[in-house]
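Dear colleague,

I am handing over the structure below, and I would ask you to look through it before reading on. My notes on what was found follow after it.

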Amino acid sequence: MRRDVLRPRRGPPGWLRVGAYVLLLLLVQGVLSRLGDAAGLSAPDLFLLTGAALAWRLKPAWALAGAYSAGLIQDLLGGGVLGLHAAGVMGGALLVLGVRRYMADSGPLQAVFTVLLAVAGQWLMFLLLTYWLRSTLVTLDLLRGALPTLLLGTLLVFPLWERVVSWAFGPRTGPEEGLG
């Protein structure tokens, strides 16, 4: 058993920290979205980073449920197709869970790989839903215009947001802890 698990956490209780995290998530995502819209760029997806962070910290079923919930909150607040972002965030978390066992739990390579997998999983889910619904939710122009800036912005924000996630949900578990 790890030593930090035995030591009591300092600061507010866990539920209060998670509540503060949700409020901070909504505030920061809103500000980044407004700034991105003004600049004509896609804002980093903090809801997706939350889903990826849950994939590193929780058992797979709970991580997917938490990621879906985070995406559903994004859908409820943003409008559009209800469940689209929920499925996308869950798809990103699913890809992160798929390689969690095979990666070390820290370092810049793991951070970049986490963001790449989460964004790839999200957009693969968007493409699957677009095909299934026979709609034009995702177009080639959207992929060319939004995806590169979204990926770059999410990569740039990840290190700072990872600290916020660690404060709210605790440190990452090891690659194989909690998977079985």
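**Helix H5 and its cover**

What covers the buried residues of H5 includes helix H3 (46-57), helix H4 (60-78) and helix H6 (108-133), where buried means under 20% relative accessible area, exposed over 50%, and partly exposed in between, with a 1.4 Å probe and protein chains only. This is a predicted model, in which local features need pLDDT of at least 70 and side-chain atom pairs count only at pLDDT 80 or more, while totals for chains, interfaces and linings use all residues. Residues are numbered from 1 along each chain as its sequence is written, and side-chain values use heavy atoms, with hydrogens and water left out.

The buried residues of H5 are Leu-84, Ala-86, Ala-87, Gly-88, Val-89, Gly-91, Gly-92, Ala-93, Val-96, Leu-97 and Arg-100. The 17 residues of this helix (residues 84-100) should span 24 Å at 1.5 Å a residue, and this agrees with its end C-alpha atoms, which are 24 Å apart; the expected span is 1.5 Å times one less than the number of residues. Leu-95 also has its place in helix H5, but counts as partly exposed because its relative accessibility is 31%. Leaving aside neighbours within four places in sequence, Leu-95 is in contact with Leu-117, Ala-120 and Gly-121, contact meaning heavy atoms within 4.5 Å. Leu-95 and Ala-52 are 43 residues apart in sequence, and their C-alpha atoms are 8.9 Å apart in space.

**The overall picture**

Helices (H or I, at least four residues) and strands (E, at least two) are DSSP runs, numbered from the N terminus. Of the 180 residues in the protein, 39% are buried, and among the contacts with a separation of 6 or more, 71% come from residues 24 or more positions apart.

**How H3 meets H5**

Two packed helices are described by the angle between their axes and the distance between the axes. For H3 and H5 the angle is about 35° and the axes are 8 Å apart, where axes are lines fitted to C-alpha atoms, for helices over the stretch in contact, and angles run from 0 to 180 degrees between N-to-C directions. The crossing of H3 and H5 is right-handed, a term used if the near helix is turned clockwise from the far one by less than a right angle, with left-handed for anticlockwise. From H3 the contact is made by Phe-47, Leu-48, Gly-51, Ala-52, Ala-55, Trp-56 and Arg-57, and from H5 by Gly-88, Val-89, Gly-92, Ala-93, Val-96, Leu-97 and Arg-100. These residues divide into 9 nonpolar, 3 polar and 2 charged, with Ala, Val, Leu, Ile, Met, Phe, Trp, Tyr, Cys and Pro counted as nonpolar, Asp, Glu, Lys and Arg as charged, and the others, Gly among them, as polar.

Phe-47, found in helix H3, is buried, with a relative accessible area of 4%. Beyond four places in sequence, Phe-47 is in contact with Leu-25, Leu-26, Gln-29, Ala-70, Ile-73, Gln-74 and Val-89. The C-alpha atoms of Phe-47 and Ile-73 are separated by 8.7 Å, although the two residues are 26 residues apart along the chain.

**The nonpolar core**

The largest nonpolar core has 37 residues, and those with the most contacts inside it are Tyr-21, Leu-49, Val-96 and Trp-161; such a core is a set of buried Ala, Val, Leu, Ile, Met, Phe, Trp, Tyr and Cys residues joined through side-chain atoms within 4.5 Å. Two or more residues of this core come from each of helix H2 (14-39), H3, H4, H5, H6 and helix H7 (140-169), and H6 gives the most, with 9 residues. Not counting residues up to four places away in sequence, Trp-161 touches Tyr-21, Leu-24, Leu-25, Val-28, Leu-46, Leu-49 and Thr-50.

**From H6 to H7**

Thr-130 is found in helix H6 and counts as buried because its relative accessibility is 9%. Arg-134, in the loop between H6 and H7, is exposed, with a relative accessible area of 63%, and its phi is near 55°, a positive value in a residue other than glycine.

With regards
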